[in-house]
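Please read these notes with the structure open beside you. Take the points in order and find each residue as you go.

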Amino acid sequence: MKFPGSVLISLVLFVAETATALCLSGAYRAAGDRMWQWLTMLFALLPCALVQLSLVFIHRDVSRDRPLVLLLHLLQLGPLVRCVEVFYIYFHAGRVEEPYVSITKKRQMPKDGYSEEVEKEVGQAEGKLCTHRSAFSRASVIQAFLGSAPQLTLQLYICVLQQEITAARSIFMVLSLLSIVYGALRCNILAIKIKYDDYDVSVKPAAYLCIFMWRSFEIATRVTVLVLFSSVLQIWTLPVVLVNFFGFFFYPWILFWQSKSPFPENIEKALSRVGTTIVLCLLTFLYAGINMFCWSAVQVKLNDPDLINKSQNWYRLTVYYMLRFIENAFLLLMWYIYRTDIYLYVCAPLLVLQLLIAYCMAILFMLVFYQFCHPCKKLFSSSITEGLLSSFTFCFVCKSPKSSTLTDKADLKSSENADESQSSNKTIDSPNGNPHQSVSSNA
């Protein structure tokens, strides 16, 4: 059974960042900076509350008789309780023989054009651990992009205005950046697990390293650009943020309304239509928060039963990075033109060049990941090089027949994978007559 390291990392980042935020908020109060104090508290407590809601929702605690667990979630101690439960299950697994097991069928990565299907027994303990890992992965994404990303932007903005980087603030910014990068990494892994659920996916250390470098350069550059722009043109900061946020927030809904599909009803049986709408709004809210700072590997598709677009769309990836690079360059140009005296001792042209190069480095690591380190690159209908070339052709000239063929092949491949996934997840009966369903290992 795999050690639940991802749960422990998520908990450590969550506790460390929350504790540091409270300490820094107290320091702002002692210094008389009430506005910075309340903003720091807001960006610390809001994602904390959303993390509790997500853990309660995934584990369905409301419909279960667990009043103590719900009370601890109300006291914002849910992640601690869940982590204790995870390690209790892990260290007690195998001591008692389980009354039944589930059978999962996973296909191996193709070798020489052939793919074998392997059956695996999954016990109750391992199934519970899979649920906990999945819940903590989603909680890490929420914590990263609805808490750590705004927090990092705020603290860097305060450093620029006050022209001072204190030890507490620097530690807090490092923790926030690590939390964002880890959340983006978990988002990438979740996207791979969801898209290729019927395959036995194994992510190698080189892939983790590429994702870490890609996300570190991308997020650090994006936050720095936003802070520099907002420090000289405060009045235009809000329009830029709102256009970005609401553009990504309404994009999945616009595609859903254009498809004329029926309203999703199978998210959770216990939810009413109003509850389902709230959940979908929170999902698109998180989707918009992620895309504000970096490319979201998970593409929301409201008319899909899994709410995720499983096709590999190189065109959308290309358009996102092209527009984001242009936007970053434009914001840096505005900062360079309207920079104030606080940047008197900063070499502005060199700083602009460094930030643009850093963003290009992020794109380079992204290309290396998809070309060489992606665990499912053998399943791509076209390589990222071919996909980008066809996307550039579509953007600047016209959509060539090759590009349309590649897109059709990618969509056909994704639909075939989805059909095979549904057919492979069969239920069996245990020796004592209990039915057991297959468990997908979204680690």
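The numbered points below go from the whole chain down to single residues.

1. **The model as a whole.** Keep in mind that this is a predicted model. The chain has 13 helices and four strands. It runs to 443 residues, and 47% of them count as buried. The exposed surface comes to about 22,600 Å². Carbon and sulfur atoms supply 66% of that area.

2. **Contacts along the chain.** Look at contacts between residues at least 6 apart in sequence. Of these, 75% join residues at least 24 apart.

3. **The largest core.** The largest nonpolar core holds 95 residues. Which of them touch the most other members? They are Phe145, Tyr196, Val201, Trp214, Tyr321, Phe369 and Tyr370. Helix α5, residues 124–162, gives the largest share of this core, with 14 residues.

4. **Phe369, one member in detail.** Phe369 is among the core residues that touch the most other members. Leave aside residues up to four places away in sequence. Phe369 then touches Ile192, Ala207, Cys210, Ile211, Trp214, His374 and Pro375. Trp214 is itself on the list of core residues with the most contacts to other members.

5. **A second core.** There is also a separate core of nine residues. Among them are Leu11, Val86, Phe87 and Phe136.

6. **A nonpolar patch on the surface.** Now turn to the outside. Val15, Leu68, Leu71, Leu74, Leu75, Leu77 and Leu80 form a nonpolar patch there. Together they have about 660 Å² of accessible area. Which helix gives the most to the patch? Helix α3, residues 67–74, does, with three residues. Val15 sits in helix α1, which spans residues 5–31. Its relative accessibility is 38%, so Val15 counts as partly exposed.

7. How many salt bridges does the structure hold? There are four. One of them joins the side chains of Arg82 and Glu85, at 3.5 Å from N to O. Both residues lie in helix α4, residues 78–92. They are three residues apart, about one turn of the helix. Is Arg82 buried or exposed? Arg82 is buried, because its relative accessible area is 0%. Glu85 has 22% relative accessibility, so it counts as partly exposed.

8. Glu327 forms a salt bridge with Arg222, and the closest N and O atoms are 3.4 Å apart. Glu327 belongs to helix α10 (residues 314–338), and Arg222 belongs to helix α7 (residues 205–232). The pair therefore ties together parts that are 105 residues apart in sequence. Arg222 counts as buried, at 1% relative accessibility. Glu327 has a relative accessible area of 17% and is buried too. Glu327 also forms a salt bridge with Arg324, with the closest N and O atoms 2.4 Å apart. Arg324 and Glu327 are three residues apart in helix α10, so about one helical turn separates them. Both of these residues are buried. Through shared partners, the salt bridges join Arg222, Arg324 and Glu327 into one network.

9. **Tyr320, also in helix α10.** Tyr320 is found in helix α10. Is Tyr320 buried or exposed? Its relative accessible area is 7%, so Tyr320 is buried. Again leave aside residues up to four places away in sequence. Tyr320 touches Glu218, Phe248, Asn291, Phe293, Cys294 and Trp295. Take Cys294 as one case: it is 26 residues from Tyr320 in sequence. In space, the two are 9.4 Å apart, C-alpha to C-alpha.

10. **A backbone angle to check.** Most residues other than glycine have a negative phi. Gln163 has a positive value, with phi near 55°. Where does Gln163 lie? Gln163 lies in the loop between α5 and α6 (167–195). Gln163 is exposed, because its relative accessible area is 55%.

Technical notes
Residues numbered from 1 in each chain as written. Predicted model: local features only at pLDDT ≥ 70, side-chain atom pairs only at ≥ 80, totals over all residues. Heavy atoms only, no water. Core = buried A, V, L, I, M, F, W, Y, C linked by side-chain atoms within 4.5 Å. Buried < 20%, exposed > 50% of the residue type's maximum accessible area, 1.4 Å probe, protein only. Helix = DSSP H or I, 4+ residues; strand = E, 2+ residues; numbered from the N terminus. Contact = heavy atoms within 4.5 Å. Patch = residues over 30% accessible without salt bridge, like charges linked within 9 Å, V, L, I, M, F, W, Y side chains within 5 Å. Areas by Shrake-Rupley, 256 points an atom, 1.4 Å probe, with all protein chains shown as cover.
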